[in-house]
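Please open the structure in your viewer and keep the selection tool at hand. The tour below goes from one selection to the next and says what is there.

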Amino acid sequence: MASETQTPQTATKICFEEFLEKYSDGSHVEWVDGEVLWLHSEVDEVTAVSLLHDDLNGFLCSALRCFAEHHRLGSVYRDPVVMKLGSGLPGRAPDITFVAAAHESRLRANFIDGPADLVVEIVSPDDPERDYVDKYREYEAAGVPEYWIVDPRLQRVEFNQWREGKYHEVLPDQNGVYYSTQMPGLWIKPFWLWQEPLPDLIQILRDWKLI
């Protein structure tokens, strides 16, 4: 039987500090408009979609973390680490967050206090608007410099870069390669993400000349 903190509660507004006190236990939750939003249902069925979501999350997080650590660029985290975007903005738990070494002062014991430098969201079929609309607007308002939206259903990645207060979508070049602005030297070919099985991580690290 699930513990009390793992069972969705009725909507009751709480402050962010209370949210951290109650839910910093690995629960997959976010804090929006003073309410706790659960990212998974109480009984979470294992489906092909959720497995793909987890595979993509694990692959991208491992690859980005290896790159960041090798070049000492900063730290990479996964959901359920919460990112408090700023005053008047929610606390979201992105699938993947990268915080540059220059902004390590934003790291707290149990959350990120301010916008990350790069955020990756993998679209869930139950609510694609959450990533394409809600989080897009919130990350844009907070000034998250780089926001990737990975959509398994459409097999595409939307790369957004923040300039002059708003996001601009940046397409891969003519060779199908996208270059990150927040992780200098990092490049990715979106078609990697739609291969079955996913590419061997060791080969990706070789392509990046990390090994």
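**A walk through the sheet**

Select strand 9 (residues 146-151) and strand 10 (residues 156-163), which pair in the antiparallel sense over six bridges; helices (H or I, at least four residues) and strands (E, at least two) are DSSP runs, numbered from the N terminus, and two strands pair if DSSP finds at least two bridges between them. Within this pair, valine 150 stands opposite valine 157 in strand 10.

Before going on, note that this is a predicted model, in which local features need pLDDT of at least 70 and side-chain atom pairs count only at pLDDT 80 or more, while totals for chains, interfaces and linings use all residues. Residues are numbered from 1 along each chain as its sequence is written, and side-chain values use heavy atoms, with hydrogens and water left out.

Select strand 8 (residues 118-122) next: five of its five residues are buried, so the strand is largely enclosed by the rest of the structure (buried means under 20% relative accessible area, exposed over 50%, partly exposed in between, with a 1.4 Å probe and protein chains only). Leu118, Val120 and Ile122 point one way from strand 8, whereas Val119 and Glu121 point the other way.

Strand 6 (residues 96-100) runs antiparallel to strand 8 and is joined to it by three bridges, with phenylalanine 98 opposite leucine 118. Strand 8 also pairs with strand 9, in the parallel sense and over five bridges, and here valine 120 has tryptophan 148 as its bridge partner. From strand 8 the chain crosses through helix 3 (residues 128-142) to strand 9, in a right-handed β-α-β crossover; right-handed means that, with the strands pointing away from the viewer, the path from the first strand over the helix to the second runs clockwise.

**A buried glutamate**

Where does glutamate 30 lie? It is in strand 1 (residues 29-32), and glutamate 30 counts as buried, at 0% relative accessibility. Its side chain makes a polar contact with the side chain of lysine 135 (2.9 Å), a polar contact being a pair of N or O atoms within 3.5 Å, where within protein one must be able to donate a hydrogen and the other to accept it, and residues adjacent in sequence count only if both atoms are side-chain atoms.

**Backbone stops**

Most residues other than glycine have a negative phi, and most peptide bonds are trans. With that in mind, select aspartate 79 and proline 80, which are joined by a cis peptide bond with omega about 20 degrees; proline 80 lies in the loop between strand 3 and strand 4 (82-84). Last, go to glutamine 155, in the loop between strand 9 and strand 10, where phi is positive, about 50 degrees, although the residue is not a glycine.
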